[in-house]
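Hello,

Here is the structure you asked for. My notes on what turned up follow below it.

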Amino acid sequence: MAALTAVNCKISFHGSPGFGEHCHLAKQRAPCARKIDSSCKLDWRSQNLSVMKLLSGNQTTGYCFPCVYFSKVLDGLKSGGETYFLSQNWRNYGSKHGKIQVSVRTVQRGRTRFHRIQRLRYLFLKVSVGFQPRISCKNLKLMAAVDGDGSFKEHSVHFIGIGGSGLSALALLALQQGWKVSGSDATFNKRLEKLKAAGARVYVGHAARQLVDTRSNSPPDAVVVSSAIPVNNEEVEAAQALGVPIYKRADWLGRITEGYELLAVAGSHGKSTTAAMLAIILTELGHDVTAIVGAEVPQFPGGGNAIFGGGQRFVLEADEYDGCFLGVAPSLAVVTNVEWEHVDFFPDEASVRKIFRQFVLRINPGGTLVVCGDTAGSKLLSTVFQSDKTEDSSGAITTTESQFDSDSRHVVTYGLGDGNDWQAVMLAPNVQSGTDYVVVKSGKPMARVTLQLPGTHNVLNSLAAIVVASLLASRDNVSSSIEGNFAAMKKAAEAASEALSGFVGIRRRFELVGKWKNCFIYDDYAHHPTEVRAVLQAARQRFDQKPIWVVFQPHTYSRLAKLLHDFAPAFSAADRVIITEVYSAREDNIWNTSGADLAAVVTGPPSIFVSTLDQVVERLTWELALSEAMGSKGVVLLTLGAGDITEVGFELLKALSTK
């Protein structure tokens, strides 16, 4: 009988009386050949425990370590010693008896991943089960959070910068997982309102006193800090003084995704849309996924940026800023493209490529990299598992093997160009002003896709999501034949295509704000030259006969200063451009630059500088009203940027409604 390898197997204790909710098995081997009923879990009425997942080679399977029957586990957990059990449903596998050895160690004060407590009890369990032809031993570790009376202690976490798209989703996930959640942000927004409604304690502004729960008069078990928060923040300093563990988002992501089959979507552009598409596809295919995306998704529950599922798969938008994605270890990773985007964090494009390389090398053994083969930056990653090349002190290039065997992880490429493993061909506009295309794998048609969204970039985003869904279907396929795997992938690609036909996009990505007479107003997050070109190409695809006006708010002084000459030709597909003053975000203007500098160098359409957003609204109100009065066939107005430019469309519609 072939042995299976178990890695990070999670046992869930539902309704457990006073100890940690999860424990993980170390890497081990155990004979196993029976599929487990997915409903099998620890039930404190029957005290029936089962390990739900093992890994067979590179395949996640439904096979399990045998269901074991606990008769005296609770007593053992309290006192230590040994307790015996009888395994169930294993009539064909020899001896069905085993033994649990429990040792207990108590410390007076400590913290676990789940609890902050005065008295901590660690329990080490060694579970032995008899098999033929061998004996398999399981080593488990549980942490029991107890006080002297053995009562359960609720765990808590405080998020500093909780109103951001990243931390707000993590806070909602923590609430779903049973944590007490609190947090603060500089300004109030809709995300804070949603978190408050979900049960979080939220504050506007930062203050040390907000760290302590007034009801329990105790600090949180953990503090998670946004990358935008400075180290001298008063809540950060208070946490340090109280001895509360402080986590950057990268470290926290690593902890909460531990034990999941992590599907991480990274890239300088397109990762939010791709991750949202993938989550929706997998949900439509029947997977009970958890997902966190860096933008709000209308088709997610409540229109938020997260899905909280009960399955083993976790879709994560993995952000390179501040090295955030280096905290996770994905089973499968997507890299859409690699460009110099966060110029305030990365000194040059070489440093961006280096950190993406580090991220890709964090893919688990046997995992898969799905990378766009059309762009130079991402295409370089396709050889990352073959060798690591480093420069010695003399500048010479030396080659060493990767940290895992070169063939233990796999690379799959996708794109429009020939030579990719998966390709989008026969692109054509459709009646929805989106794009139709055909998915091809190694020259064989897999599915026909109809997108509501315009733009070549959305073809690539959707293709990546389809590829991942197809690869997962192959991974789940019980057939080992080439024909069986191909059939499973084709079926998944067709189902993914069907799911994407109803995909309406995500917030602030070519999002229709509204219409006034013949004027359409769209809003987009584009704040990089590549993104500006992409959204203008999409707008031209949908509105090829209308003039396109752009209002662009540069985001951060550093990005404008360092990418000024890349921005200059990016607006060439527009008919008119208005540049506003820079949205500074977290920066001081040490570069002595201004939006006026960009307006002066834009090539192609006429461009002007209008300093404030209020002035933009005032000017566009009378210009659009006059244009309409003169019999214009209408204008398409795009508001672009990552700052508060998003409010311009709503304010403009409000002003135009009085005309």
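Helix 14 passes helix 15 in a right-handed crossing. Bear in mind that this is a predicted model. The pair packs at an angle of about 45°, and the axes are 9 Å apart. Helix 14 covers residues 613-629, and helix 15 covers residues 648-656.

Which residues make the contact? Helix 14 supplies Leu 613, Val 616, Val 617, Leu 620, Thr 621, Leu 624 and Ala 625. Helix 15 supplies Val 648, Glu 651, Leu 652, Ala 655 and Leu 656. By class, that contact has 10 nonpolar, 1 polar and 1 charged residues. An α-helix has 3.6 residues a turn, so residues three or four places apart point the same way.

Helix 2 (residues 165-176) and helix 5 (residues 249-256) cross at roughly 30°, and their axes come within 12 Å. Here the crossing is left-handed. Gly 166, Leu 167, Leu 170 and Leu 173 of helix 2 make the contact with Arg 249, Trp 252, Leu 253 and Ile 256 of helix 5. Those residues divide into 6 nonpolar, 1 polar and 1 charged.

Now helix 10, residues 482-500. Its 19 residues should span 27 Å at 1.5 Å a residue, and the end C-alpha atoms are 27 Å apart, which agrees. Buried residues in helix 10 include Gly 484, Asn 485, Ala 488, Met 489, Ala 492 and Ala 493. Further along helix 10, Ala 496, Ser 497, Ala 499 and Leu 500 are buried too. What do the buried residues of helix 10 pack against? Two helices are among the partners: helix 6 (271-284) and helix 9 (456-476). Strand 29 (422-429), strand 30 (435-441) and strand 31 (444-451) are also on the list.

Helix 12 (residues 557-567) has buried residues as well: Tyr 557, Ser 558, Arg 559, Leu 560, Leu 563, Leu 564 and Phe 567. Their cover includes helix 11 (529-542), strand 34 (548-552) and helix 13 (595-601).

Last, the whole chain. The protein chain has 15 helices and 37 strands. Of its 659 residues, 54% are buried. Among contacts with a separation of 6 or more, 64% join residues 24 or more positions apart.

Best wishes

Note on methods
Residues are numbered from 1 along each chain as its sequence is written. This is a predicted model: local features need pLDDT of at least 70, side-chain atom pairs count only at pLDDT 80 or more; totals for chains, interfaces and linings use all residues. Side-chain values use heavy atoms; hydrogens and water are left out. Axes are lines fitted to C-alpha atoms, for helices over the stretch in contact, and angles run from 0 to 180 degrees between N-to-C directions. Helices (H or I, at least four residues) and strands (E, at least two) are DSSP runs, numbered from the N terminus. A crossing is left-handed if the near helix is turned anticlockwise from the far one by less than a right angle, and right-handed if clockwise. Contact means heavy atoms within 4.5 Å. Ala, Val, Leu, Ile, Met, Phe, Trp, Tyr, Cys and Pro count as nonpolar, Asp, Glu, Lys and Arg as charged, and the others, Gly among them, as polar. The expected span of a helix is 1.5 Å times one less than its number of residues. Buried means under 20% relative accessible area, exposed over 50%, partly exposed in between (1.4 Å probe, protein chains only).
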